[in-house]
Amino acid sequence: MRLSQLFAPTTKEVPKDAVLKSHQFMVQGGFIQQMGSGLYHFLPLGHKVLSKIRAMIKEVMDSYGAQECTLGFVVPASLWQQSGRFEQYGKELLSFLDRKDNPCVLSPTHEEPITQIIKAHVKSYKQLPLNLYQIHTKFRDEIRPRFGLMRAREFVMKDAYSFHANTECLDREFERMHAAYSEIFTKLGLDFRAVEADSGAIGGSKSKEFVVLAECGEDSVIVCQNCSYAANIEIAKRAKRPEPDNVPKASFAKFYTPNTPTIEKLSAFFKVPAYFLMKAVLKKARLSKGTRPVVFFLRGDDQLEDTKALNAFNKSALENALELEEMSPSEVTALGLPVGYIGAYGLKHLVPDIEVIFDVDLQDADCLICGANEADQHFVGVDLATFADLNYQDIAKTRPQDRCVECQGALSEKRSIEVGHIFKLGDKYSKSMEATYLDKEGRLQHFEMGCYGIGVTRLMSAILEQYSDEKGCVWSKASAPFEVVVVVANPKDSALEALGTQIYEELKKAEIDVLLDDRADRFGAKMADFELIGCSHALIIGKQALEGQFELITRQGLSKHTIARDLIVQTLLEART
Ligand code: ATP
Ligand code: MG
């Protein structure tokens, strides 16, 4: 490809809403163009990078025996009603009526349609296992689309779905997909981790996320510095906390504690570590109709983790909540509870339909201080072991100063970008959609399912966040738009122009992905574009080239080498590995 003919509208102008370099450079380099909020066009360079990543993912998925297909993007809402997710998925699911008033959705994920296909065609265990995948458009009406391709509304996902006759077979495929993902992200040159994760709106019993560690990441992961334990903060566990000194030993009693509605004030009042204070966090659980109050009790120096809290509520309550909402002080007061003085005694009496959940670190704890459900009053000497049947669950956010649940090792918290997510779905969808097959004994069974997603377009952002410098895009070898750009320093010099073209043809013949910068622009402008676009190398055809000396610049690190003419092809081929 000649750069003079390539449609790559580069610009010096920094997009107004670009916070991340990946977003800024992809727009400035002419890879993508924004059409609307979270909506992007892929221009030829962006399309080329995307195609390389797609091809790499396809190669690995095919090698693991998964079969590629393309499922319809617009899906009748009736399928989502069958699985029960039409109401549950929330506002990210964009639905509309067609001309015959039939409701349809733009697919944010494809469990329902794939289950329908398998239900129609797979009747016997002999046809299992199966793994089908696609690399295709998804739409999620994200509340806050941002960071360019990182969190778009329309994006490309690789989604695979596997079907099995038993859980052992599903477990094996989950491990195989784990290996496939590791291979894909390694080949793409990413520094990634596989971490334990929450299964969210997709569901199922177990899931793992593949994350790229990066300061700009929207997620946090907790990583053990001693063993392999790593988990998204949404589910990260921790060892039981050690008890600090200064235990407030006291007999059970009510205490007048004026003006102590916060943990800080209460801690200062009693001169006691916040560890021994029991904090109440009130929320409203949003149900299909209306809301229900819920209170979470934690140690005073712990924070409620929202995903854990929602999961804990759904494990305990009769009706699942779609989400947990904040409760305003006036709403708390309306329940008859004193803001800042809420405690465990007599709660159910005051608010009969309240759900009460305690953090697992409080299990049977004593020497606690908690609100007395009366303004300016607290109880001291609280011993939770004296209560019967308390609901203890893991609801507190794991902190870097906590210890590893597996080995007691030190933990650290890191920002991360989720690039892939694999799930054991079990029979969640096969049951709700009544998808069955006949087992060896001729009995009807529900399929065991797994699903496996990769954010293909998000990968472009993640690669740039990992590699780029302040000058522009730096891609990994496998994702760079071209392996080399041959830069003719001065195309008006006909000898240089001819030499550049000749080398360009040679490189093409050697099947090296090459771009020829044959534009009449200044050399400085050409180098700036090389740095902005991020071809893996630039081969400079300058004055010394006529004497057989060529300068080869590697985009990663911008290191320079002089090489002889007969080593150009070999050097570039070797640079692939
Ligand atoms: P997130 O937590 O980032 O919203 P998710 O957990 O909802 O993502 P999954 O349902 O696991 O996403 O989808 C599989 C993959 O699709 C994710 O691992 C991610 O890489 C990608 N992805 C999800 N949402 C988006 C988006 N809005 N833009 C780009 N890629 C996305
Ligand atoms: Mg996910």
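## Strand β7 and its partners

In strand β7, Leu-132 is the bridge partner of Gln-67. Strands here, numbered from the N terminus, are DSSP runs of E with at least two residues, and helices are runs of H or I with at least four. The model is predicted: local features need pLDDT of at least 70, side-chain atom pairs count only at pLDDT 80 or more, and totals for chains, interfaces and linings use all residues. Residues are numbered from 1 along each chain as its sequence is written, and side-chain values use heavy atoms, with hydrogens and water left out.

Strand β3 (residues 67-68) runs parallel to β7 and is joined to it by two bridges; two strands pair if DSSP finds at least two bridges between them. Strand β8 (residues 154-164) runs antiparallel to β7, with 10 bridges between them, and Val-156 of β8 is the bridge partner of Thr-137. Nine of the 10 residues of β7 (residues 130-139) are buried, so that the strand is mostly covered. Buried means under 20% relative accessible area, exposed over 50%, and partly exposed in between (1.4 Å probe, protein chains only).

## The chain as a whole

The chain comprises 15 helices and 29 strands. Its C-alpha trace spans about 95 × 65 × 50 Å along the principal axes. Of its 577 residues, 53% count as buried. Contact means heavy atoms within 4.5 Å. Among contacts between residues at least 6 apart in sequence, 70% join residues at least 24 apart.

## Helix α1

Helix α1 (residues 21-28) is largely enclosed by the rest of the structure, because six of its eight residues are buried. These buried residues are Ser-22, His-23, Gln-24, Phe-25, Met-26 and Gln-28. Their cover includes the strands β1 (32-36) and β2 (39-42) together with the helices α12 (456-467) and α14 (523-533). After α1 comes Gly-30, whose phi is positive, near 75 degrees.

## Thr-109

Thr-109 is found in the loop between β6 (103-106) and α5 (111-121). What relative accessibility does Thr-109 have? The value is 3%, and Thr-109 therefore counts as buried. Leaving aside neighbours within four places in sequence, its contacts are Trp-80, Arg-85, Tyr-89, Lys-138, Arg-140, Tyr-161 and Ile-202.

The side chains of Thr-109 and Glu-111 are joined by a polar contact of 2.6 Å. A polar contact is a pair of N or O atoms within 3.5 Å; within protein, one must be able to donate a hydrogen and the other to accept it, and residues adjacent in sequence count only if both atoms are side-chain atoms.

## Tyr-181

Helix α6 (residues 167-187) contains Tyr-181. With a relative accessibility of 0%, Tyr-181 counts as buried. Not counting residues up to four places away in sequence, Tyr-181 touches Lys-158, Phe-210, Gly-420, His-421, Ile-422, Tyr-452, Gly-453 and Ile-454. Tyr-452 is 271 residues from Tyr-181 along the chain, and their C-alpha atoms are separated by 9.2 Å.

## Arg-399

A polar contact of 2.7 Å links its side chain to that of Asp-402. Not counting residues up to four places away in sequence, Arg-399 touches Arg-238, Arg-241, Asp-301, Asp-302 and Leu-411.

Technical notes
Chains are lettered from A and ligands numbered from 1 in the order in which they are written.
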